[in-house]
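Dear colleague,

I am handing over the structure we spoke about, and my notes on it follow below. Please read them with the model open beside you.

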Amino acid sequence: MTAPFPLTGEPLALDLVNTRVLDGTVDLIATPEALTAWLGTQADRLGERPGAGPAELAAVHAVRDTAARLIGAARSGAPAAPEDLAALNGTLAAAPAHRHLGQDADGGFTGGTRRPGTPAQRLAAELAEAVAELLLDPRLGKVRQCEGHDCVLLFLPAHPRRRWCVPSVCGNRARVARYYQKHKDRDDER
């Protein structure tokens with residue numbers, strides 16, 4: 001069985017962009033239920049969330065599409081489209097984060113980050129913040145696309161020789177294809 005999300009654990013912005021696979025023809029978060037499942041895989045970064053609805057799905061798709069264009073432009077050295085920057089900044093402004101202090105029963109202070117807005121705006125702003133962090137990260141230039149045949153997943157390699165998103169999947173496919181081609185060439189020579 002194939003994992004529902006083939007690559008997670010990359011920077012959050014890349015995990016988001018990687019929910020559209022096979023040259024953008026397959027959307028792994030096409031439904032609210034699929035988005036809820038993806039949010040579950042990101043719970044350590046986004047926190048626990050109730051199920052996502054149509055508004056959250058539309059907001060996440062908008063951030064993902066903008067992120068893909070901005071990351072693509074940055075990777076190619078092209079200037080970002082002004083409308084994409086405006087869209088990302090608008091998403092961030094719709095639910096800005098602020099610190100919130102409280103006090104527990106023992107008199108100690110508690111704190112956290114809060115965002116105003118609807119659940120869809122808050123989720124979109126959290127994801128937009130992750131996109132902004134990646135775009136400002138000096139390692140952005142090291143983001144690679146998997147070398148696997150028909151694979152469009154992006155990753156930030158921890159090792160400079162990493163070539164595939166998931167070595168046990170795309171890497172294995174490449175090794176099998178090389179083996180097959182090598183033996184096919186030998187048979188053709190005979």
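Which residues of α4 are buried? With buried meaning under 20% relative accessible area, exposed over 50% and partly exposed in between (1.4 Å probe, protein chains only), they are Glu-56, Leu-57, Ala-59, Val-60, His-61, Val-63, Arg-64, Thr-66, Ala-67, Leu-70, Ile-71 and Ala-73. This is a predicted model, in which local features need pLDDT of at least 70 and side-chain atom pairs count only at pLDDT 80 or more, while totals for chains, interfaces and linings use all residues. Residues are numbered from 1 along each chain as its sequence is written, and side-chain values use heavy atoms, with hydrogens and water left out.

Helices (H or I, at least four residues) and strands (E, at least two) are DSSP runs, numbered from the N terminus. Gly-77, with a positive phi near 80 degrees, follows α4.

The whole structure holds 10 salt bridges, each a side-chain nitrogen of Lys or Arg within 4 Å of a carboxyl oxygen of Asp or Glu. One of them joins Arg-162 to Glu-10 at 3.2 Å, N to O; Arg-162 sits in the loop between β6 (154-155) and α7 (167-189) and Glu-10 in the segment before α1 (12-17), 152 residues apart. Glu-10 is buried, at 8% relative accessibility.

Arg-20 and Asp-27 also form a salt bridge, with 3.6 Å between the closest N and O atoms, and a network of salt bridges links Arg-20, Asp-27, Arg-64 and Asp-65.

Best regards
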